[in-house]
Amino acid sequence: MLGARYLSSDDIRGLATESEFVDVVRAAYREHGEGAPTHPRITLETEDPAGVLNSYMAILPETGVMGGYMYTAGFSDADARFVTPIFDAETGRPLAVVDGAYVNTHKTGAAGAVGIDALAREDASTIGILGSGAQARGQLRAAVTVRDIDDVRVFSPTPEHRETFATEMTETIDTEVRPVEDGATAVDGADIVITATNASEPVVDADDIDAGTHINAIGQYDPEKRELDAETVRRAVYVPDLRDRALQDAGSFLQACVEGAIDEAHIHAELGEVVAGTASGRTDDGDVTIFDSGGTALETLSSAALLYRRAIEDDRGTEITLASASEVYTGKQHDTSEEL
C-alpha cells in the first residue's frame with residue numbers, strides 16, 4: 001500500500017498567502033488554455049431529502065497533479081461539505097485527501113484576481129462590491145494583490161452586514177472600505193465591479209456601468225438566476241472560466257441569450273485562453289469586460305496542491321493508506337519496478 005495524507009482545514013490554514021494562491025490558479029488556467037483537460041460542474045439533485053451533490057475534475061500535467069472537488073449542499077443541516085482528492089499526474093498515485101472548506105474562498109478569490117489581472121485596465125484603482133459574505137471577502141483579499149486599489153465601496157441590503165464587512169476588510173487590506181446605501185453608488189465610477197451575491201435578479205444595471213469597467217461576476221451558477229442584466233452582458237467582452245460551464249449554468253449569460261440580446265458566439269474566449277495568450281482580452285481602455293466565474297477544478301486542484309506541498313514540508317496532516325486494485329483483487333503488491 002502507498003501512503004497518502006489527509007489534510008484538515010486546520011492542517012492547511014495559513015500555509016499560503018493570497019498572492020501565492022493567485023499565482024498557482026493563474027498557472028492552472030494557463031495550463032488549461034494550452035490544452036490541460038477539465039470539465040464543468042456535474043450536479044446531482046435529490047428532492048427527498050432535498051440537497052445536491054456536485055463534482056468536477058481536472059488534470060494539470062505541468063503542476064503534476066490531477067483530481068477534483070466534490071461537495072454536498074442543501075441537506076438537512078443546511079450546510080456544505082467539501083472534499084478534494086489529489087493524485088500524482090504521472091503515476092496516478094493518491095497523494096492527499098483535502099478538506100476543501102478552507103480552500104473554497106481562497107481559490108474562488110484567486111480566480112477572480114486572475115480575471116481582474118487578465119481583463120481589467122492596468123490603472124484600475126477603485127472597486128465596487130455587491131455582497132458582503134465570505135466570497136466577497138475572498139474576492140477583495142485577492143483583488144488587491146493584482147492592482148493598486150485606493151478606494152473600495154461595498155453594498156449589501158442589510159446595513160449591519162455591509163458595515164461589518166467595511167470595518168473588517170479595511171483592517172485586512174489596509175485600504176479604506178466604505179459601506180454605501182445602494183448598489184448604484186457602489187458601482188458608480190468603479191474601475192472594477194465585483195458581484196458576490198445570492199440574488200436571483202440583476203444587481204447591476206447597465207446604465208450604471210461606465211466604459212472601461214471590468215466586472216467579476218462570481219455569485220451565481222444557476223441558469224435561472226443572474227447578477228447581471230442582458231444589456232450589461234451584451235455590451236461587454238464576455239470571458240467565462242469555461243465555455244462549457246457558461247453554456248450550462250451561467251445564468252446571466254443564458255438569460256441574455258433567452259432575451260435575444262446575444263447568442264453563443266458572444267463568448268469571447270475562456271479565461272485560460274486569455275491567460276495563455278491564445279486569445280485577446282481587453283483591447284481598448286473603453287471596453288467593458290466581464291469575467292464570469294462559476295467555479296472550476298482548475299482553481300480548486302491547484303490551490304489544494306499548493307497547500308498539500310506546504311503541508312508535507314511542514315509535516316502536517318495524518319498519514320492514510322489507500323490500497324491499489326491489484327492488492328485488493330489478488331492480495332499481492334503490484335510490482336512497478338519494470339514499468340516505464
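Which backbone oxygen does the side chain of R162 reach at 2.7 Å? That oxygen belongs to S156. The model is a predicted one, so please keep that in mind throughout.

R162 sits in helix 5, residues 159-173. This arginine is buried but has no salt bridge. The nearest side chain of opposite charge is E181, 5.2 Å away, and a salt bridge needs the nitrogen and the carboxyl oxygen within 4 Å. R162 does touch E181, and its other contacts include S132, F155 and P179.

Now the pairs that do form. In general, side chains of opposite charge can pair when their charged atoms come close. The whole structure has 26 salt bridges.

One of them joins E62 to R30, with the closest N and O atoms 2.8 Å apart. E62 is in the loop between strands 3 and 4, while R30 is in helix 2, and the two are 32 residues apart. E62 is exposed at 56% relative accessibility; R30 is partly exposed at 22%.

Next, E259 and R226 meet at 2.7 Å, N to O. They are 33 residues apart, and each lies in a loop. R226 is buried, at 11%, whereas E259 is partly exposed, at 46%.

Finally, a local case: R234 and E231 form a salt bridge at 2.7 Å. Both lie in helix 7, 3 residues apart, about one turn of the helix.

Technical notes
Residues numbered from 1 in each chain as written. Predicted model: local features only at pLDDT ≥ 70, side-chain atom pairs only at ≥ 80, totals over all residues. Heavy atoms only, no water. Helix = DSSP H or I, 4+ residues; strand = E, 2+ residues; numbered from the N terminus. Buried < 20%, exposed > 50% of the residue type's maximum accessible area, 1.4 Å probe, protein only. Lys, Arg positive; Asp, Glu negative; His and termini not counted. Polar contact = N/O pair within 3.5 Å; in protein donor to acceptor, adjacent residues only side chain to side chain. Contact = heavy atoms within 4.5 Å. Lists of a residue's contacts leave out its neighbours within four places in sequence.
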